[in-house]
Amino acid sequence: MRNPSPFSSFFFLLLLSHKVWCDSRCKPIVASDVDRVQFAMNLEFLEAEFFLFGSLGQGLDSIAPYLAQGGPPPVGGAKANLEPIARRITEEFGYQEVGHLRAIYTRVGGIQRPLLNLSAQNFETIFDLAVGHKLQPPFNPYRNTVNFLLASYLIPYVGLVGYVGTIPFLESYNSKSLVASLLGVESGQDAVLRTLLYERAEEKVEPYDMTVAEFTSRLSMLRNELAMCGLKDEGIMVPKELGAENRTTSNVLSADTYSLSYSRTPPEILRIVYGSGSEYKPGGFYPDGGNGRIARSYLKND
């Protein structure tokens, strides 16, 4: 039986978003420019490794191992069964993420690559949480193009909203210009992925009785719930009340009432990528937590 429409949950989150602005869990943090930019490397490492493994079957250590700064290699990464165009796009994204890591390393200094969990089992857990029950057979991001695109949907957008949330608090021109440039490419990657998924919006994701659009809505809702700071994430199709100018149900770009990008703080991002809803409890993509001063500051027993 088809899962109920997720739109009612979006309305709940929309109402909630008006009540969380004063919640201490959603307030900006105090940090230096360097710490803020280096925090973003946690997401850049994740993107680089996932896209490189998905397209090439090998990761950062095969291209620019010095950028890992001695950090452990990721676990569970695999070459995906991708259609030719999707593979080429994914490979390009992977190289772009290597460039991002190199840019940060060169401009402000790098952090050690954290341990990353790219296993099919990790994605299985995330997708089960999103849909509210165990999928059978278990979701495997490396199985085909649609699955890989849905898994990719989880990643660049988190970095995008993180950069949007970072720029207003940067002080130096060097940091602002760097992060603005990073944001431009992250936004482009997210737009490409969402467009590819939108082209398949009404397709069933085999063998599950859910469409591509329904999966994106549930993944977005999960991120909203984990972050605990209201509605900042939307699927590729929404009710008109959430569409641009309340006139469309298409949602190729996720944006607020004024069609401006949403933003997130580092704690919100950690709650999402840890999959725990807590910046103090590692897990998900980061079994041992993120690296850098900001991420490590939340790990009391580090």
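Is Gln69 buried, partly exposed or exposed? Select it in this predicted model. Gln69 counts as partly exposed, because its relative accessibility is 35% and the buried class ends under 20%. Look at the backbone too: phi is positive, about 55°, although Gln69 is not a glycine. The residue sits in the loop between α2 (33–56) and α3 (84–107).

Next, select Met228. Here phi is again positive, about 65°, and Met228 is not a glycine either. Its loop runs between α8 and α9 (266–273). Met228 counts as partly exposed because its relative accessibility is 26%.

Most residues other than glycine have a negative phi, and most peptide bonds are trans.

Now turn to two prolines. Select Gln136 and Pro137: the peptide bond from Gln136 to Pro137 is cis, with omega near -5°. Pro137 lies in the loop between α4 (120–131) and α5 (145–152). Move on to Glu206 and Pro207. The bond joining Glu206 to Pro207 is cis as well, with omega near 0°. Find Pro207 in the loop between α7 (173–198) and α8 (212–227).

Zoom out and colour by secondary structure. The chain shows ten helices and zero strands. The C-alpha trace spans about 50 × 45 × 35 Å along its principal axes.

Switch to the surface. Of the 302 residues, 56% count as buried.

Last, select the charged side chains. There are 28 positive and 32 negative ones, and the centres of the two sets lie 3 Å apart.

Key: Residues are numbered from 1 along each chain as its sequence is written. This is a predicted model: local features need pLDDT of at least 70, side-chain atom pairs count only at pLDDT 80 or more; totals for chains, interfaces and linings use all residues. Side-chain values use heavy atoms; hydrogens and water are left out. Helices (H or I, at least four residues) and strands (E, at least two) are DSSP runs, numbered from the N terminus. Buried means under 20% relative accessible area, exposed over 50%, partly exposed in between (1.4 Å probe, protein chains only). Lys and Arg count as positive and Asp and Glu as negative; His and the chain ends are not counted. The place of a charge is taken as NZ of Lys, CZ of Arg, CG of Asp or CD of Glu.
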